[in-house]
Amino acid sequence: MNKPELLAPAGSFEHLKMAAAYGADAVYAGIPRWSLRVRGNGFTREDFAKGIDHLHERGKKFFAVLNVIPHMRRTQSFIPALDEVAALKPDAFIMADPGLIMLARERHPDIPVHLSVQANTVNSGTVKFWQKIGITRCILARELTLQEIAMIRDDCPDMELEVFVHGALCIAVSGRCLISGLLARRDANVGACTNSCRWGYNVRSLYAEIEESSKRQGEWMPIEEDEHGSYLLNSKDLCALPLIKRLMDIGVDSLKIEGRSRSPFYSGAVSRAYRLAIDSIAAGGEIPNESFEIVNSIPSRGYTTGLLEVHRPDETQEYTTNSPTHGNWIIVGAIEEQKDERLYIKVKNRFAKDDKLILFTPKGQILLNGNTMLDKHGKPCDLAPGDGYYVSLALKDPVDISTAVLLRANH
Ligand code: SF4
């Protein structure tokens, strides 16, 4: 069985470090102006260089995202940006725009180009076309079923295939969408999406008639609204964890996690969930419970396997709220120091001594005893009230504090 690469998102050097520590084989990141995450992206040129070194020292890969689809006025400054990124020697560019891909192939033929999901590849003919252009990996559209992915694999044995397995989904065809551009003047195709599909919309009439097809005239779509609003287009998040074995049997080369705008903890935690699953399946085992525990405990909009499997629409959409409501882990502290068998904690969110406190580390979860809590003066205390406070908790075994995160598990 093929053991695929696990590819994780990084919106900053901190994300990258966490993803690598928690088991990702490769990380993708973009310079804000030229990748589809112009917001929530903390990467600078220096971080890029540092990130590439960090990954290469650990035998891991770095893919530079340059997947905007720019209009004329924005293409002029692309060449210097491309050359600047190329000089840092990433392991590949991730790109979507045919013109920019041609430029990259001409100017930097030694750097492979991976075709972005934004190019919406849905059949093997398209894969073969891009293979002729010199693309070495296609990131397949999220709109494909498992069967279609298997057909493309059979038809294109020499092309690397990458599939998204976790993270937010678009209601549009993988980001080729004008909702945000239209309503907020922020174009999703140059990385400025405002998630307009997830906004709450008020309706003036209780029913919207489906008019687009004469065959369906007179058919009515009920729209219900409660005190939270009505979220007509809000997709649940993708979680293909239960389908990992099937994707590995098909022979997919890379399993990708979405979420460069999420927290560094998210990059680390989801990397660990899928790392454990891939390793266990490759060794002939099952997906460990810890993988499911992690994805179900981090914040999400609820999960769907998306279009990889056939669903009824109400199983893939979240109509009642647009904010992450699923998951019961909250980050409550950053570990500043470990000495004299104690962890010194910068409090981020409130926690009390009776809470279930988990130290999340690349080697597994450690339950901490809240009864050992001391305040910054070394006096016993019952409560870490919130941001700005410092406390300590007992922990005998040494841990790598640079990647450990303190969580509170709500019940
Ligand atoms: S508005 Fe929604 S569907 Fe459109 S690009 Fe943004 S996230 Fe995707």
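Trainee: How do the residues of the shell around the ligand divide into nonpolar, polar and charged?

Mentor: In this predicted model, 10 residues surround the ligand, and the closest are Cys-170, Ile-171, Cys-177, Cys-193 and Cys-197. Sorted by class, the residues of that shell come to seven nonpolar, three polar and no charged.

Trainee: How many nonpolar, polar and charged residues does the contact of H4 with H5 have?

Mentor: On the side of H4, the residues in the contact are Phe-78, Ile-79, Leu-82 and Asp-83, and they meet Leu-100, Leu-103, Ala-104 and Arg-107 in H5. By class, this contact has six nonpolar, no polar and two charged residues.

Trainee: Which strands are the edge strands of the open sheet of seven strands?

Mentor: The seven strands follow the order S17-S16-S21-S13-S14-S20-S18, with antiparallel pairing. An edge strand pairs on one side only, and this holds for strand S17 (364–368) and strand S18 (374–375).

Trainee: Which helix packs on the sheet?

Mentor: The helix in question touches strand S13 (329–339), strand S16 (356–361), S17 and strand S21 (405–409). Its direction makes about 80° with that of S16, and the helix, residues 264–282, is H10.

Methods: Residues numbered from 1 in each chain as written. Predicted model: local features only at pLDDT ≥ 70, side-chain atom pairs only at ≥ 80, totals over all residues. Heavy atoms only, no water. Contact = heavy atoms within 4.5 Å. Helix = DSSP H or I, 4+ residues; strand = E, 2+ residues; numbered from the N terminus. Nonpolar A, V, L, I, M, F, W, Y, C, P; charged D, E, K, R; others polar. Near = heavy atom within 4 Å. Pairing = 2+ DSSP bridges. Axes fitted to C-alpha atoms, helices over the stretch in contact; angles between N-to-C directions.
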